[in-house]
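Good morning, and thank you for making time for this.

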Amino acid sequence: MQKKPVQCQFVAALDSIVGKWKPSILYHLLQGKPLRFNELRRLLPNITQRMLTLHLRELEEEELVKRVIYPQIPPKVEYSITEYGKSLSPILEALHQWGAAHVERKQLKNENNEQTETD
């Protein structure tokens, strides 16, 4: 049996969580409280309805997000993080910390470049 290259494992992981909005959706759902569709839209004001729907479906397919439909009129639908999805918490936290450090590094580099130009 032939082993798959390591790169395939990275691709499989990133395919599940990469997208402009997926990390933000997961972050909000990781706060623990189930959210309705419009609550998520308010938390992500620049996302379109179509994109939120698409990302939620993809996250649900990956079993990272659970969708519950309550039988009432009008129908109530809530989204929550699954137990499996909760396993992403340390990964997303590490990405958040790295991103913050990266932004700070870029800002310092830009400030240094601006200072060099004025000298």
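Let me begin with a definition: a residue is called buried when its relative accessible area is under 20%, exposed when it is over 50%, and partly exposed in between, computed with a 1.4 Å probe and with protein chains only as cover. What you see is a predicted model, in which local features need pLDDT of at least 70 and side-chain atom pairs count only at pLDDT 80 or more, while totals for chains, interfaces and linings use all residues. Residues are numbered from 1 along each chain as its sequence is written, and side-chain values use heavy atoms, with hydrogens and water left out.

I will start with helix H2, which covers residues 22–29; helices here are DSSP runs of H or I with at least four residues, numbered from the N terminus. Lys22, Ile25, Leu26, His28 and Leu29 are the buried residues to look at in this helix, and they lie on the same side of H2 because they cover an arc of only 165° around the axis, where the arc is that of the directions from the helix axis to the C-beta atoms.

Is Lys22, which carries a charge in this scheme, buried or exposed? With a relative accessible area of 4%, Lys22 is buried, and its side chain meets that of Glu58 in a salt bridge, at 2.8 Å from N to O. This pair links distant parts of the chain, since Lys22 sits in helix H2 and Glu58 in helix H4, 36 residues apart. Glu58, for its part, is partly exposed, because its relative accessible area is 27%.

By a salt bridge I mean a side-chain nitrogen of Lys or Arg within 4 Å of a carboxyl oxygen of Asp or Glu, and by this rule the count comes to 3 salt bridges. Another of them joins Lys76 and Glu78, whose closest N and O atoms are 3.6 Å apart; here Lys76 counts as partly exposed at 22% relative accessibility, whereas Glu78 is buried at 15%. There is also the salt bridge between Lys86 and Glu83, at 3.0 Å from N to O, and both of these residues lie in helix H5, residues 83–86, where they are 3 residues apart, about one turn of the helix. Glu83 is exposed at 62% relative accessibility, while Lys86 is partly exposed at 39%.

Helix H5 also holds Tyr84, which is exposed, with a relative accessible area of 53%. The C-alpha atoms of Tyr84 and Glu63 are separated by 7.0 Å, although the two residues are 21 apart along the chain.

Patches are made of residues with over 30% relative accessible area and no salt bridge, like charges being joined within 9 Å and nonpolar side chains within 5 Å. Asp15, which lies in helix H1, residues 6–17, is exposed at 54% relative accessibility. Helix H1 also contains Phe10, exposed at 53%, and Phe10 forms a nonpolar surface patch with Leu14 and Val18, with about 310 Å² of accessible area together.

Finally, please find Ile47 in the loop between helix H3 (37–43) and helix H4 (49–61), where it counts as buried at 3% relative accessibility.

Definitions and conventions:
Helix = DSSP H or I, 4+ residues; strand = E, 2+ residues; numbered from the N terminus. Areas by Shrake-Rupley, 256 points an atom, 1.4 Å probe, with all protein chains shown as cover.
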